[in-house]
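Please look at the chain below before reading on, and keep the view open while you work through the points. The briefing begins with a term and then moves from the whole chain to single residues.

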Amino acid sequence: MSERDVFEYALLRVVPRVQRGECFNAGVIVYCRARSFVAARTHLDETKLKVLDPAADVVGVRAALRAVEGVCLGGTDAGQAAHDDAGRRFRWLIAPRSTVVQPGPVHSGLTADPEAEVERLLDLLVR
């Protein structure tokens, strides 16, 4: 059996009209300190978005989700977080905010493969 490490994850929720509080899952962020790993995967269900807000800015929501993925990747796509380590980028992304794309609560688990965990959680909790 492979060695398993603790990981943390948070769902990314789309809240089209913040004042109403209605939301749906559109991505997941996974962080594994032992492996200096952070990654996000997203999947936007445009039908759900349009049901909750027919006037929703689909392009803007997609851009916000891509920005989260960019911060996880680091480098120039991460903006001001470009030189931060994986843990700082994860903590910044999970900070509460009142925007259309919001992080959910942080959960934890054990994994032997954080990259596979991102895909597994996306399939299980988002798609």
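A salt bridge is a side-chain nitrogen of Lys or Arg within 4 Å of a carboxyl oxygen of Asp or Glu. Side chains of opposite charge can pair when their charged atoms come close. By this rule the count comes to 9 salt bridges, and one of them joins Arg-127 to Asp-123, with the closest N and O atoms 2.5 Å apart.

This is a predicted model, in which local features need pLDDT of at least 70 and side-chain atom pairs count only at pLDDT 80 or more, while totals for chains, interfaces and linings use all residues. Residues are numbered from 1 along each chain as its sequence is written, and side-chain values use heavy atoms, with hydrogens and water left out.

**The chain as a whole**

- The chain has 4 helices and 4 strands, where helices (H or I, at least four residues) and strands (E, at least two) are DSSP runs numbered from the N terminus.
- Along the principal axes, the C-alpha atoms fill a box of roughly 50 × 30 × 20 Å.
- Buried residues make up 43% of the 127 residues, where buried means under 20% relative accessible area, exposed over 50%, and partly exposed in between (1.4 Å probe, protein chains only).
- Among contacts (heavy atoms within 4.5 Å) between residues at least 6 apart in sequence, 62% join residues at least 24 apart.

**Salt bridges one by one**

- The side chains of Arg-41 and Glu-119 meet in a salt bridge at 2.8 Å, N to O; because Arg-41 lies in strand S3 (residues 37-42) and Glu-119 in helix H4 (residues 114-125), the pair ties together parts that are 78 residues apart in sequence.
- Arg-41 is partly exposed at 22% relative accessibility, and Glu-119 is partly exposed as well, at 29%.
- Arg-41 and Glu-119 also belong, together with Glu-115, to a network of salt bridges.
- Another salt bridge joins the side chains of Glu-46 and Arg-62 at 2.6 Å, N to O, and this pair links distant parts of the chain, with Glu-46 in helix H1 and Arg-62 in helix H2, 16 residues apart.

- Asp-53 lies in the loop between helix H1 (46-52) and helix H2 (58-73), and although Asp-53 is buried, it has no salt bridge, with the nearest side chain of opposite charge, Arg-17, 4.3 Å away.
- Not counting residues up to four places away in sequence, Asp-53 touches Pro-16 and Arg-17.
- His-107 is found in strand S4 (residues 101-111) and is partly exposed, with a relative accessible area of 36%.
- Leaving aside neighbours within four places in sequence, His-107 is in contact with Phe-7, Glu-8 and Tyr-9.
- His-107 and Val-59 are 48 residues apart in sequence and 29 Å apart in space, C-alpha to C-alpha.

How values were computed
Lys and Arg count as positive and Asp and Glu as negative; His and the chain ends are not counted.
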